[in-house]
Amino acid sequence: MYKKLWSILLVVVLSLALIATGCGSPGKTETQGASGEKVIKIGFIAPLTGDVKTFGESAQKGFDLALEQAGYKAGNFKIQPVKADDRNDATEAVNVATKLITQDGVKAIVGSLTSLTTIPISKFANDNKVVMITGTATSPKVTVDDGKRKEYIFRACFIDPTQGTVAAKFALEKLKLKTAAILYDQGNDYTIGLANNFKQAFTAGGGQVLAMEAYAKNDTDFSAVLTNIAQKNPDILYLPDYYQKVSLIGKQARDKGIKAVFIGGDGWDSSDLDYKTMEGGYFTNHYSAQDPRPQVQNWVKQFKEKYGQEPDAFATLTYDATNLLLNAIKTANSDDPAKIKEALQNTKDFSIVSGDKVSFDENGNPIKPVTILKIEGGKQKFVTAFKPN
């Protein structure tokens, strides 16, 4: 009797195990929801606490709104988001990415925000063959490691070197300026990349770089280099640094009598920029709420209706990254990361807020226009969306 009872219990246990593990459906990878629909888990990583938590809060709004507008669906799949806070800490970023991939079972990740955290996450995700797309991490190292493409990693923003190239082409082709001086922080990869690519594109386009001067991060007195630059009288003073340093250099440059047009990168984008000093200057950026394209204006309207504020670049680019991923899942009609990856790489002419007809290059970077803004009347004014090529 006991032997028979144990046999019955064993059959029941084995049957339940087969149901729980899905062994009854060979080759099936998707998770089944309560009502039988196919479910795919998508991770979201951002600094929701810590020193740049406002960036993470904006990005989360963009992510949430993209999913809400899509009805939490991508083709035949129901989207189940799983969120994590990396605190803008590289170690914590890897910890939360590990949990998302090995415990939560996400098949793709949107995030993170800064290159500091996104670079280590990208390596882990790529090693584990999980698709990842960042909205805002601009370092080339996010998608390429020692010259080798991380094939599962993508981004919605342009990379740092693109800004320098576009700024040079804009100066030559639209502003008709022919000579330039460049000042950059010798200890910051961001400013080095912009400076070198500006110089290369400017000279290749027929311009002449009269001076290229480096400074240290903590320098505050630029008298010597600016005196030298003033004597050369360049048309442009290219300042690829953050708003604090740019404002300081700009003020000293004007005090030296330098009348050159100031040009810079997205590090200028701050309400704390010295707008009076930088009046008449131009800088490259990822997006402007003033862009008249209908898709931009619709996005601004929808975001304001939802959150009561204007979307910044972090919200916008994360919204774009999420929509690019959702489109890839729909196109692939699969939760297999390999198929989603291929669909992303083969994306052609997909319209997002930060660019029409977007495709990806061989390194997972979007091919799209760069926004040019002008400092005019103490404010940022949208000028144009300028294509890199």
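This is a predicted model: local features need pLDDT of at least 70, side-chain atom pairs count only at pLDDT 80 or more; totals for chains, interfaces and linings use all residues.
I began with the open sheet of three strands, which run in the order β15-β16-β17 with antiparallel pairing. I noted that β15 (350–352) and β17 (366–367) are the edge strands, each with a single partner, so one side of each has no neighbour in the sheet. Looking up the pairing of β15 with β16 (residues 355–360), I found it antiparallel over two bridges, and I recorded Val 358 of β16 as the bridge partner of Phe 350.

Staying in β16, I turned to Lys 357, which lies in this strand and has a positive phi of about 50° although it is not a glycine.

Next I took helix α7 (residues 223–232), in which I found Val 225, Leu 226 and Ile 229 buried. Viewed down the axis of α7, its buried residues fall within an arc of 95°, so they line one face of the helix. I then asked what they pack against, and listed β10 (179–185), β11 (208–215), β12 (236–238) and α8 (243–255). On the face turned away from the buried side of α7, I noted the exposed residues Ala 224 and Gln 231. After α7 comes Asn 233, for which I wrote down a positive phi near 55°.

Another positive phi, near 50°, belongs to Asn 333, again a residue other than glycine. I placed Asn 333 in the loop between α10 (313–332) and α11 (337–345), and at 40% relative accessibility I counted it as partly exposed.

My last entry concerns Thr 117, in helix α4 (residues 115–127), which is buried with a relative accessible area of 0%. Its side chain makes a polar contact with the side chain of Asp 86, at 3.4 Å. Setting aside neighbours within four places in sequence, I found Thr 117 in contact with Asp 86, Asn 88, Asp 89, Ala 90, Ala 93 and Ser 112. I followed Ser 112 to the loop between β5 (108–111) and α4, and noted that the peptide bond from Gly 111 to Ser 112 is cis, with omega near -10°.

Methods
Residues are numbered from 1 along each chain as its sequence is written. Side-chain values use heavy atoms; hydrogens and water are left out. Two strands pair if DSSP finds at least two bridges between them. Helices (H or I, at least four residues) and strands (E, at least two) are DSSP runs, numbered from the N terminus. Buried means under 20% relative accessible area, exposed over 50%, partly exposed in between (1.4 Å probe, protein chains only). The arc is that of the directions from the helix axis to the C-beta atoms. Contact means heavy atoms within 4.5 Å. A polar contact is a pair of N or O atoms within 3.5 Å; within protein, one must be able to donate a hydrogen and the other to accept it, and residues adjacent in sequence count only if both atoms are side-chain atoms.
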